[in-house]
Structures are given as C-alpha cells and as structure tokens.
Amino acid sequence: MKGFFSKKLALGLAFVVLMGAGLAWAAQMQPDQMQPKMKDAPKTDPEKVLAKVADREIREKDIDQVIRMMGPQGAMMYDNPQGRKAVLDELVSMHLFALKGAEEKLDQTPEFKAALETFRNQSLARAAIDASLKDVTASDEDAKKFYDEHPDQFTQPERVHVRHILISDDVTSADAIAKVQADLRAGASFDEVAKSRSLCPSAAQGGDLGEVSKGQMVPEFEAAAFALKNPGDLSEPVKTRFGWHIIRLEGRTPSSLEPFDNVKPQLLQYLTNEKKGEAFKNAVEGLKKTYKVEILVPEEPMSGDKK
C-alpha cells in the first residue's frame, strides 16, 4: 500500500509540474506586479541554473513557480531541500518527454495545436483582465462610508451566556423536575446537578452552552433565556421538542458595534472585489461594442418563466 500511495503522489506532482511550467510561461508574459508573490522570497538566486536537459535550462524560479502552484499545503510538503529536489526531478522528466514529443512531431497534430491555441487564449485573456483591473481598488474613504451606512452589518447582537439542565419529556418528567428544583433550592451546584442529571451532551460541561444570540436556539428556549435578568437567575421549567429545560443565566453581553479598525481590512477586500466585479462587467460590455459577438444558440428559459 505504501508503494501505491507513493506512486499516486508522484503522479500528482508530475501533473502540478506540468501545470506550473505552463503558468510560468504565462507569468513571464505579465508585468512583475501582476505575478503572484510567494509568502517568503527565495533565499537563492532565482536565475540560478539547477539542471540542463539538452539545450534547456531549469532554474530556481521554475521550482518556485511549481511550488507556488501547489498552494500552502503543497508548499509545506515540497518547499524544502528534499521536496525541491523531487520537483526538479519531475521538471527534468517533463523536459525529456517534451523533447521526445518534439522529435516525434507531436506538436504538429491537430489536438496539440488546438490545446496550444486554447492555452494561448486563456493566457492572453488572463493578462488582459489583470491589466484592466490592476488599478481598481477600494479606498479607506469607501470603506468608512460603507461602514457608516450599514451599521447593522457590523453590530454584534445581544448575547446571553447560559447553562441548562435537560430532562426527558415522559411520565417521569414531573418527578425529575421536582427533584432538580429541590436540589437547586437546597443549594446544590447547578454545575454538579447538570453533570449528574442533564440528558444534553453539554452535561459534561455542567450544562454550559456558552454565549448564544437570538435565532440560534428554539423559540421557547430563547424566550426563557433572554427573559432572565441577572446572573444566577433560574427559569421555570421550559418545554421544547427536546424535553424540559431549567436554564440558568451566567451573564449578558449587550449588542455592540464592531470598531471600524477591526473590520477595515476585510471591508477593503470585500469592496475591492465588488469594484473589480463591476469593472469586469463594464469592460465586457465595452468590448462587445468593439468586437462583434454572435450567440448562435437559443437562450434557455429561466427557471420559473412562463411559457
């Protein structure tokens, strides 16, 4: 089994190498600022030649490009001396097969030419989109304006911290409820009673449900929990579809507006993405006026449209 998984890993790496090599070529066609940046810049010279296959050179930057394509998890596995050597080996294999394919004139087949044209179009489109949108960004003023106009989106709702004891809804319910209430009135710890008598999985934590806001619990439970005024208050038995509950209020957190500085980074990213989406749509409409577009298939009716 170990050999099987090793083979699967090698095949996966080979696929990523092929993808990375293609994207490396595409990246060279774009300005430096449009290329994705690695989290940590390579410590070695990116132009350093690591291997030669016939007249082809494999450089440090080629390894970096493949690892960048793998994402964070792949980088953890391969961005080390052993992993980079494995990537180098796969790049050597790729170039060997590419030389074989050229020798056999596989680049002259209709399938290869079609794939190459598709890749060329995708790369050109990606470069043109990046060039069109590279200056589109949201400003601090945009973020503050949105924040001021949509306070509800940045308001933390009122929350209550509660514990509860869940009792089954059957012929023994009345006796069980009476026993729990008697123990609590006699000074027994709510935490200990919950651990010994509650049927809820939260019993292990003394019935602690943490902080909850409105809309998170079933209506009957929510109404009773939010009706409690002071820490330590106990509810009367509350019936829900889960059974009977006795609820204890541990604390209450009033609603509050999240400070602008706390949400500013995410807000800037959200508004920038919104602006880029709008700019992209506008660019498409503008290009349709420059280049003739003909849709030759009938439009499918939208779901729910009347015939």
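The turns below go through strands, salt bridges, rings and the surface.

Reply: First, some ground rules. This is a predicted model, in which local features need pLDDT of at least 70 and side-chain atom pairs count only at pLDDT 80 or more, while totals for chains, interfaces and linings use all residues. Residues are numbered from 1 along each chain as its sequence is written, and side-chain values use heavy atoms, with hydrogens and water left out.

Me: How many residues of strand 4 are buried?

Reply: Two terms come first. Helices (H or I, at least four residues) and strands (E, at least two) are DSSP runs, numbered from the N terminus. Buried means under 20% relative accessible area, exposed means over 50%, and partly exposed is in between (1.4 Å probe, protein chains only). Strand 4 covers residues 159-167, and eight of its nine residues are buried, so the strand is largely enclosed by the rest of the structure.

Me: Which strands does strand 4 pair with?

Reply: Two strands pair if DSSP finds at least two bridges between them. Strand 4 pairs with strand 5 (residues 208-213) in the antiparallel sense, over five bridges. Strand 4 also runs antiparallel to strand 7 (residues 243-253), and nine bridges join these two. To find the pairings on the screen, look for Arg163, whose bridge partner in strand 5 is Asp208, and for Ile167, whose bridge partner in strand 7 is Trp244.

Me: How many salt bridges does the whole structure have?

Reply: A salt bridge is a side-chain nitrogen of Lys or Arg within 4 Å of a carboxyl oxygen of Asp or Glu. A search of the whole structure finds 26. One of them joins the side chains of Arg163 and Asp208, at 3.9 Å from N to O. This pair links distant parts of the chain, since Arg163 is in strand 4 and Asp208 is in strand 5, 45 residues apart. Arg163 is buried, at 16% relative accessible area, whereas Asp208 is partly exposed, at 25%. Both belong to a network of salt bridges that links Arg163, Asp191, Lys195, Asp208, Arg248 and Glu250.

Me: Where do Lys85 and Asp89 lie?

Reply: Both are in helix 3 (residues 81-103), four residues apart, which is about one turn of the helix.

Glu285 counts as partly exposed at 44% relative accessibility, and Lys288 is partly exposed at 45%.

Me: How many aromatic pairs are found?

Reply: Rings of Phe, Tyr and Trp (its six-membered ring) pair if their centres lie within 6.5 Å; planes under 30 degrees apart count as stacked, over 60 as edge-to-face and the rest as tilted. The whole structure has four aromatic pairs. In one of them, the ring centres of Tyr147 and Phe154 are 5.2 Å apart and the planes are at 40°, so the pair is tilted. Tyr147 is buried, at 8% relative accessibility, and so is Phe154, at 12%. Ring pairs link Phe146, Tyr147, Phe154, Phe260 and Tyr270 into a cluster.

Me: Which charged residue lies over the face of Phe260?

Reply: A charge sits over a ring if NZ of Lys or CZ of Arg is within 6 Å of the ring centre and within 35 degrees of the ring normal. Over Phe260 the residue is Lys144, at 5.8 Å from the ring centre. The charged end of Lys214 sits over the ring of Phe226, 5.2 Å from its centre.

Me: Is Ile295 buried or exposed?

Reply: Ile295 counts as exposed, at 66% relative accessibility. Ile295 is in the segment after helix 9 (260-290).

Helix 9 also contains Pro265, which counts as exposed at 51% relative accessibility. The C-alpha atoms of Pro265 and Asp140 are separated by 9.5 Å, although the two residues are 125 residues apart along the chain.
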